[in-house]
Every structure is written in C-alpha cells, then in structure tokens.
Amino acid sequence: MGKIPSVVASSSATLLADAGVDITTIKRHAGWKSTTVAEGYVENSIENKTKIANQVLVGTTTSAITKTVNYLPQFLSMDR
C-alpha cells in the first residue's frame with residue numbers, strides 16, 4: 001500500500017482524533033513518522049477542543065461553588 005494523499009491523510013487524521021483514536025494509530029494510518037504532525041491534528045480536532053472547554057468550564061464552576069460554600073458560613077454570621 002502506497003502513501004495516501006496529503007488531503008486524505010489530514011482529513012482522516014482529524015476524524016480519527018475526533019473519534020478518540022490514539023496518536024500511534026493516527027501516525028500509522030497517515031504514514032507519518034513525526035508525532036508532532038499527528039499531535040497537530042489531535043490538538044485541532046473539534047472533539048478535543050470541546051473536551052478542553054468542558055474541563056475549563058467544570059473546573060471554573062467547581063471553583064466558584066467551592067468559594068461560595070466556603071464563604072457561606074461567614075456571610076450568614078455577618079451583622080446586617
């Protein structure tokens with residue numbers, strides 16, 4: 001089997017990354033030796049961007065809830 005065309009390799013690499021396929025498999029599929037090239041497609045995949053956004057959102061939300069819960073006793077004991 002020969003090398004697949006660049007546009008097919010890059011498009012399929014992004015789809016594979018979106019599907020959660022590991023770097024080694026993506027490299028093997030596209031015929032790339034460089035992990036850096038494959039990582040570029042994983043980093044730019046929609047699925048990966050969504051996962052990162054969700055991690056940030058959950059972390060921010062969790063942090064805000066923790067701060068609120070920790071502050072609540074102090075707030076309730078204030079003279080108003």
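Leaving aside its neighbours within four places in sequence, which residues is threonine 14 in contact with? They are Tyr41 and Ser45, where contact means heavy atoms within 4.5 Å.

**Model and confidence**

This is a predicted model: local features need pLDDT of at least 70, side-chain atom pairs count only at pLDDT 80 or more, and totals for chains, interfaces and linings use all residues. Residues are numbered from 1 along each chain as its sequence is written, and side-chain values use heavy atoms, with hydrogens and water left out. The pLDDT is the predictor's confidence in each residue, from 0 to 100. Its average over the protein chain is 76. A score of at least 70 is reached by 70% of the residues. Helix H2 (residues 23–30) has the highest confidence, at 88. Helix H4 (residues 46–76) has the lowest, at a mean of 72. Where pLDDT is low, the predicted coordinates should not be read in detail.

**Overall layout**

The protein chain has four helices and zero strands. Its pattern along the sequence is α-α-α-α. Helices (H or I, at least four residues) and strands (E, at least two) are DSSP runs, numbered from the N terminus. Of the 80 residues, 15% count as buried. Buried means under 20% relative accessible area, exposed over 50%, and partly exposed in between (1.4 Å probe, protein chains only). Among contacts with a separation of 6 or more, 34% come from residues 24 or more positions apart.

| Pair | Apart in sequence | Apart in space |
|---|---|---|
| Threonine 14 and asparagine 44 | 30 residues | 7.6 Å |
| Serine 12 and histidine 29 | 17 residues | 8.6 Å |
| Asparagine 48 and glycine 20 | 28 residues | 8.5 Å |

**Helix H1**

Threonine 14 is found in helix H1 (residues 6–18). It counts as partly exposed because its relative accessibility is 25%. Serine 12 also has its place in H1. At 15% relative accessibility, serine 12 counts as buried. Its side chain is joined to that of histidine 29 by a polar contact of 2.8 Å. A polar contact is a pair of N or O atoms within 3.5 Å; within protein, one must be able to donate a hydrogen and the other to accept it, and residues adjacent in sequence count only if both atoms are side-chain atoms.

**Helix H2**

Aspartate 22 caps the N-terminal end of H2. One of its side-chain oxygens lies 3.2 Å from the backbone nitrogen of threonine 24. Within H2, the buried residues are Ile26, Lys27 and Ala30. Seen down the helix axis, they fall within an arc of 100°, so they line one face of H2. The arc is that of the directions from the helix axis to the C-beta atoms. Just after H2, glycine 31 takes a positive phi of about 80°.

Lysine 27 is buried yet has no salt bridge. A salt bridge is a side-chain nitrogen of Lys or Arg within 4 Å of a carboxyl oxygen of Asp or Glu. Glutamate 39 is the nearest side chain of opposite charge, 8.4 Å away. Leaving aside neighbours within four places in sequence, lysine 27 is in contact with Trp32, Lys33, Ser34, Thr35 and Ala38.

**Helix H4**

Asparagine 48 has its place in helix H4. With a relative accessible area of 21%, it is partly exposed. Leaving aside neighbours within four places in sequence, asparagine 48 is in contact with Asp18, Val42 and Glu43.

Note on methods: Lys and Arg count as positive and Asp and Glu as negative; His and the chain ends are not counted.
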